[in-house]
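Student: I would like to learn how to read a structure like this one. Could you show it to me and take me through its features?

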Amino acid sequence: MNIVQIDNWHDYQRDGEQFLQTALGAYGKKKKTFSSDTLYNLTCMAIEKLIMAFLMKNGDLADNHTMGDLLSSLQRHLDLQPELVEKMLFLDTFQEICDLESYQVRIPGEDDILKILATGEEVHQQLRPYLGA
């Protein structure tokens, strides 16, 4: 099969890496302007951008942009460890914003933030060999 890359996938990689570094740096410096929900959203945007970069490089797109949908799309290309699958699905437990009838948001606690940031780093490490440094 001849894979046709989707243009600008490098932009998605760059943005994802910048979002992740911003979240990790803000948490490490305990910046009060970055609330736990902001750190959650930055990390999830980083994960989304990194997965989209991988998919676009491989001529594919996600069916949707929840973590579960991104995960399903990623699994079409890679065999992921069950632990990483579980961690990514955990990220979807904080927001249900696709349907106005069942809209709900849960603010992550300190322990949650540590897991969320670690998941962002793990996704980045998983995809780095395929995207390049």
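Tutor: This is a predicted model. Start with a pair of helices: helix 2 passes helix 5 in a left-handed crossing.

Student: Which residues of helix 2 and helix 5 make the contact?

Tutor: On the side of helix 2 they are S36, L39, Y40, T43, I47, L50, I51, A53, F54 and K57. Helix 5 contributes I113, I116, L117, T119, G120, V123, H124, L127, Y130 and L131. By type, the contact of helix 2 with helix 5 holds 14 nonpolar residues, five polar ones and one charged one.

Student: What describes two packed helices?

Tutor: The general idea is that two packed helices are described by the angle between their axes and by the distance between those axes. Here, the axes of helix 2 and helix 5 cross at roughly 15° and come within 10 Å. Helix 2 is therefore roughly parallel to helix 5, since angles under 35 degrees count as roughly parallel.

Student: At what angle do helix 2 and helix 3 pack?

Tutor: Helix 2, residues 36-57, packs with helix 3, residues 67-75, at an angle of about 25°. Their axes are 10 Å apart. So helix 2 is roughly parallel to helix 3. The crossing of helix 2 and helix 3 is left-handed.

Student: Which residues of helix 2 and helix 3 meet?

Tutor: From helix 2 come C44, I47, E48, I51, M52, F54 and L55, and from helix 3 come M67, L70, S73 and L74. The residues of this contact of helix 2 with helix 3 divide into nine nonpolar, one polar and one charged.

Student: Which residues of helix 3 are buried?

Tutor: A residue counts as buried when its relative accessible area is under 20%. In helix 3 the buried residues are M67, G68, L70, L71, S73 and L74. Their cover includes helix 2, helix 4 (82-91) and helix 5 (110-131).

Student: How many helices and strands does the chain have?

Tutor: The chain has five helices and two strands. Read from the N terminus, the order of the elements is α-α-α-α-β-β-α.

Student: How do I read the radius of gyration of the chain?

Tutor: Compare the value with what a compact globule would have. For 133 residues that would be near 14 Å; the chain has 15 Å, which agrees. Taken along the principal axes, the C-alpha atoms fill a box of roughly 45 × 35 × 25 Å. Of the 133 residues, 36% count as buried.

Student: What share of the contacts in the chain joins residues 24 or more positions apart?

Tutor: Among contacts with a separation of 6 or more, such residues account for 61%. R14 lies in helix 1 and counts as partly exposed, at 40% relative accessibility.

Student: Where is D112, and is D112 buried or exposed?

Tutor: D112 is in helix 5. Its relative accessible area is 16%, so D112 is buried. Leaving out residues up to four places away in sequence, D112 touches F90, F94 and R106.

Student: What does E122 touch?

Tutor: With residues up to four places away in sequence again not counted, E122 touches L84 and K87. E122 is also in helix 5. The relative accessible area of E122 is 27%, so this residue is partly exposed. From E122 to K57 is 65 residues in sequence and 19 Å in space, C-alpha to C-alpha.

Student: What is the phi of N8?

Tutor: N8 is not a glycine, yet it has a positive phi of about 70°. N8 lies in the segment before helix 1 (9-28).

Conventions: Residues are numbered from 1 along each chain as its sequence is written. This is a predicted model: local features need pLDDT of at least 70, side-chain atom pairs count only at pLDDT 80 or more; totals for chains, interfaces and linings use all residues. Side-chain values use heavy atoms; hydrogens and water are left out. Axes are lines fitted to C-alpha atoms, for helices over the stretch in contact, and angles run from 0 to 180 degrees between N-to-C directions. Helices (H or I, at least four residues) and strands (E, at least two) are DSSP runs, numbered from the N terminus. Angles under 35 degrees count as roughly parallel, over 145 as roughly antiparallel, 65 to 115 as roughly perpendicular and the rest as oblique. A crossing is left-handed if the near helix is turned anticlockwise from the far one by less than a right angle, and right-handed if clockwise. Contact means heavy atoms within 4.5 Å. Ala, Val, Leu, Ile, Met, Phe, Trp, Tyr, Cys and Pro count as nonpolar, Asp, Glu, Lys and Arg as charged, and the others, Gly among them, as polar. The radius of gyration is taken over C-alpha atoms; the globule rule is 2.2 Å times the number of residues to the power 0.38. Buried means under 20% relative accessible area, exposed over 50%, partly exposed in between (1.4 Å probe, protein chains only).
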